[in-house]
Amino acid sequence: MNLLSGDPPRGRALQAILVLVVIALILAPFLFPGAKALNVAAKTCVMILLVASYDLLLGYTGIVSFAHVMFFGVGAYGVGLALYGLGAGWGALAVGLVAAAALSLALALAIGLFSLRVQSIFFAMVTLAVAYAFNVLASQLSWLTGGEDGRSFKVPDVLQPGFRLIEGKVFGVAVNGKILTYYLVLVVAAAAFLVLLRVVNSPFGRVLQAIRENPFRAEALGYRTVFHRTLATCISALGATLAGALSALWLRYVGPDTALSFSIQVDVLVMVVVGGMGSVYGAILGAALFVFAESYLQDAMGALSSLAAEARLPLLPALLHPDRWLLWLGLAFVLAVYFAPTGIVGALGPSEPKTKSIDRDRTQPSAGTP
Amino acid sequence: MSAALTLQGVHTHIGRYHILQGVDFDAPAGRTTMLLGRNGAGKTTTLRTIMGLWRASKGRIALGATALEKLAASDVARLGVGYAPETMAVFSDLTVKENLVLGARQGALDDARLAWIFGFFPALKKFWLSRAGALSGGQKQMLSIARAIVEPRELLLIDEPTKGLAPAIVGALIACLNEIKATGVTILLVEQNFRVAREVGDEVRVMDNGLIVHRGPMAALAADEALQNRLLGLSLASHQ
Amino acid sequence: MSALDAGAALPRRRLDVLPALTPLAVALVAAPFIGSLSTFVTLTAAGLAMGMLIFTMASGLTLVFGMMDVLNFGHGAFIALGAYAATLALAPLASWSSADSLVLNLAVFVLAIIVAALICGVFGWVFERLIVKPVYGQHLKQILATIGGSIIAEQLLYAVFGPAQIPLALPKTFEGSFVFGQAAVEKYRLLATCVGLLVFAAEMLILNRTRIGLLIRAGVENREMVEALGYRVDRLFVAVFMAGSALAGLGGAMMALYRGQVHATIGGEFLVLCFIVIIIGGLGSVGGSFVASILVALIANYAGFLAPKLALVSNILAMVAVLLWRPRGLYPVSGR
């Protein structure tokens with residue numbers, strides 16, 4: 001199927017679940033009426049794009065970077081500040097998007113080229129430091145970014161909640177600007193996702209995987225690893241930027257905690273691992289599962305916590321408090337890292353995964369050292 | 001008297017490369033066995049597998065009556081195996097003294113033993129408190145071997161000690177190896193330099209493609225040019 | 001044998017002094033911009049104290065990475081744990097803390113940091129066995145697992161101690177400053193500097209004069225060869241990990257006392273700083289971390305005074321600058 005770039009998901013179970021998720025997302029406003037549900041759906045779309053673009057870097061190219069959320073932030077702030085400062089028009093939106101893309105590309109190039117100078121071990125830590133610095137900068141330049149409080153802004157008319165496309169209700173739902181925004185987010189995210197699918201299945205994508213497996217060998221075979229890694233970094237950055245722009249558009253707000261915080265990066269890591277590294281379909285599963293759990297698990301935890309408190313059990317009410325949902329997530333994450341490194345996709349898919357696992361067992365020496 | 005080393009059907013995989021494909025040989029007790037072969041034949045892999053640095057996927061390795069194949073490297077070492085790797089692996093930031101101290105598992109350096117070592121490696125005494133990283137290539141090789149023999153061992157595994165050394169130094173190293181031989185320790189020596197092989201080796205084993213293709217006394221191989229040519233691709237006389 | 005003997009006289013061990021002078025260079029460059037001597041002294045003293053605290057937290061991390069190539073993103077959790085652990089010791093002995101007696105104050109202080117170090121050492125062992133050991137040799141999984149571990153640890157701290165900040169008062173006699181002419185040097189900073197120097201001295205002594213230190217130094221260079229010489233490097237590593245965690249806790253406790261409050265976010269904040277320091281210093285080098293800690297702290301302090309907006313990113317800039325000059329850090333370990 002050309003739409004899926006010749007790489008459809010393998011395995012009945014995987015296909016079934018993916019189809020369900022996609023249908024749910026497409027019909028979300030009608031299947032699950034209510035603001036919260038639509039929020040969950042929109043966030044899922046954004047996260048799918050963010051995670052898939054991260055997996056391009058982590059799962060396919062084998063580059064560990066903590067700067068991904070920085071690009072997300074650039075996209076969010078680019079669009080947000082443009083709409084804030086230039087008025088709520090499509091032109092402003094375009095300007096913001098282009099500016100954000102340009103900045104992201106510049107940063108991605110800088111990071112990619114800097115990684116040449118230092119060992120890959122350093123690289124991960126350096127990206128962490130850079131992302132941290134960016135976060136701080138955004139808070140400090142409050143005259144521009146609104147500092148800690150961020151900026152609220154209006155979106156183009158058609159996307160405003162007050163706008164009505166069709167008088168009366170369709171399937172019991174008012175087709176207003178929010179719904180339109182949702183479908184914009186969905187369509188753009190889907191298109192970008194398909195582009196990423198195309199990239200990983202192209203000759204370029206295969207070279208990335210070769211580089212991940214054995215950079216020396218790839219270099220010896222004549223592939224310019226520098227070019228490929230840098231290009232992968234740029235594509236990944238652009239994906240994240242787009243995701244950030246969509247996020248800002250949906251929330252009609254941009255601020256350090258929604259656009260730049262390290263917890264978003266951690267969330268992305270969790271989604272990538274739980275969904276399955278080295279598989280873009282894993283991004284869909286990981287994102288859907290995570291966002292769903294984040295939104296609805298906390299309610300369940302709250303209920304359990306109250307029960308535990310009433311039963312006068314020690315420590316349990318604190319452990320089950322909804323604010324501690326990260327604890328359980330962290331636990332699930334660590335367990336996934338140990339016991340299910342190929343994620344849900346690996347568990348559901350056929351026994352021969354299309355891409356090899358990144359890690360090599362320590363008892364076996366690393367390839368390339370005779 | 002040291003023990004004999006035996007390998008039976010040893011396979012080693014590195015990643016997805018099958019390097020050792022069923023290695024069978026023995027290195028007799030108290031004798032020096034040469035392990036020869038082309039580049040990439042698997043000689044270093046064999047030593048590392050015996051040492052326990054790489055895990056054999058199949059087969060048995062025994063030093064005397066003790067099985068080695070499942071042991072970790074530190075346990076193999078504690079059985080009395082000394083190892084001088086191809087890369088020499090001297091600790092550059094440590095002094096010559098500190099390097100040797102590490103080789104002495106019992107804790108303290110034995111003065112008599114040290115005096116004996118200084119006898120054929122005088123440079124080590126001269127640069128006793130100098131940083132090992134500043135030594136020349138030949139001196140580092142001395143240090144690496146000295147560290148392996150700083151205490152009496154059951155088995156010595158030495159990997160290409162003369163690689164990259166000037167011919168004059170090779171002669172000195174041969175003399176040292178012969179002195180070490182005289183202590184009656186079992187030695188398995190990998191070498192590309194045939195002069196060393198001929199002058200030091202009692203037995204020879206030739207490897208190719210992860211298998212042993214020839215076993216026998218060194219003298220026999222040294223006398224048979226046609227055999228040398230067949231096994232090693234060129235006459236060993238030219239490989240000095 | 002003379003052939004082996006030959007060769008030029010061995011060069012004396014040349015100590016590479018240039019990297020060690022970078023903090024001095026920074027101080028000299030900043031001095032004219034700061035102008036007043038008293039401000040300079042205050043800032044420099046503050047920087048030195050902060051540097052000592054950071055060094056305490058970071059030195060363990062550099063050895064852990066140097067020895068086993070383990071990227072421990074959970075290190076920050078021990079900084080935070082140390083801070084909370086200090087409260088456990090200080091709360092019941094509040095009377096000692098508020099008493100106007102140097103002896104009592106010192107006693108409770110020493111007790112608090114020792115308790116912090118011990119608790120963190122023990123949990124370091126737990127963390128290493130449960131989270132780190134299963135993923136030896138797999139960098140990616142280490143990063144992920146230790147991040148996961150740090151999330152769990154932080155949440156557990158909130159669950160046990162509550163999510164709010166806990167105030168922590170400095171013992172009475174540590175409050176205030178010594179005044180030298182126009183310059184004021186906070187008393188606590190002086191204490192922190194002393195503790196940091198003691199830690200550094202102890203580490204250098206252990207590393208350079210003991211057998212275990214010898215093993216650690218050799219292990220940082222070539223772990224495999226140390227194993228091939230008959231030593232159980234993984235056991236050694238556990239000890240180093242525990243020590244590193246204990247030191248992180250000690251540093252965290254002291255930092256919390258300085259700030260007057262305890263909150264788990266201190267972990268993440270100083271984790272980034274520790275990474276920057278060990279990168280600048282050279283992975284595996286304790287001396288390098290020492291110099292780098294001072295450098296980073298001085299830069300942060302001077303920048304905080306001269307260009308406040310840049311202060312928080314000054315460390316990143318310093319790191320980039322150092323890496324462009326010396327890609328492997330100020331004092332890289334041979335063979336890495």
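**Figure 1. Crossing of H3(C) and H9(C) in the predicted model**. Helix H3(C) passes helix H9(C) in a left-handed crossing. H3(C) covers residues 37-68 of chain C and H9(C) covers residues 211-221. Their axes come within 6 Å and cross at roughly 60°. On the H3(C) side the contact is formed by Leu63(C), Gly66(C) and Met67(C). These residues meet Ile216(C), Gly219(C) and Val220(C) of H9(C). Sorted by class, the residues of this contact are 4 nonpolar and 2 polar, with no charged residue.

**Figure 2. Packing of H13(A) with H7(C)**. This view shows a pair of helices from two chains, H13 of chain A and H7 of chain C, the latter formed by residues 139-161. The two pack at an angle of about 125°, and their axes are 11 Å apart. H13(A) is therefore oblique to H7(C). The crossing is left-handed. Val266(A), Leu269(A) and Val273(A) are the H13(A) residues in the contact, and they meet Leu144(C), Ile147(C) and Ile151(C) in H7(C). The contact of H13(A) with H7(C) has 6 nonpolar residues and neither polar nor charged ones.

**Figure 3. The side of chain A that touches chain C**. Here 32 residues of chain A are in contact with 32 residues of chain C. Four helices of chain A each supply at least two residues of this side: H6 (120-140), H13 (262-275), H15 (316-320) and H16 (325-339). The largest share, 11 residues, comes from H6(A). By class, the chain A side divides into 25 nonpolar, 2 polar and 5 charged residues.

**Figure 4. The side of chain B that touches chain C**. In this interface 33 residues of chain B are in contact with 24 residues of chain C. The helices of chain B that each supply at least two residues of its side are H2 (73-78), H3 (96-103), H5 (122-126), H6 (137-149) and H7 (167-181). The chain B residues on this side comprise 20 nonpolar, 8 polar and 5 charged.

**Figure 5. Chain B as a whole**. Chain B has 10 helices and 10 strands. Its radius of gyration is 17 Å, close to the 18 Å that the globule rule gives for 240 residues, so chain B is as compact as a globular protein of that length. The C-alpha trace spans about 45 × 40 × 35 Å along its principal axes. Of the 240 residues, 49% count as buried. Among contacts in chain B with a separation of 6 or more, 69% join residues 24 or more positions apart.

Figure 6. Leu53(B) is 19 residues from Ala72(B) in sequence. In space, the two are 7.2 Å apart, C-alpha to C-alpha.

Definitions and conventions: Residues are numbered from 1 along each chain as its sequence is written. Chains are lettered from A and ligands numbered from 1 in the order in which they are written. This is a predicted model: local features need pLDDT of at least 70, side-chain atom pairs count only at pLDDT 80 or more; totals for chains, interfaces and linings use all residues. Two residues are in contact if their C-beta atoms, placed from the backbone, lie within 7 Å. Ala, Val, Leu, Ile, Met, Phe, Trp, Tyr, Cys and Pro count as nonpolar, Asp, Glu, Lys and Arg as charged, and the others, Gly among them, as polar. Axes are lines fitted to C-alpha atoms, for helices over the stretch in contact, and angles run from 0 to 180 degrees between N-to-C directions. A crossing is left-handed if the near helix is turned anticlockwise from the far one by less than a right angle, and right-handed if clockwise. The radius of gyration is taken over C-alpha atoms; the globule rule is 2.2 Å times the number of residues to the power 0.38. A residue is buried if 20 or more other C-beta atoms lie within 10 Å of its own, exposed if 12 or fewer, and partly exposed in between; C-beta atoms are placed from the backbone. Angles under 35 degrees count as roughly parallel, over 145 as roughly antiparallel, 65 to 115 as roughly perpendicular and the rest as oblique.
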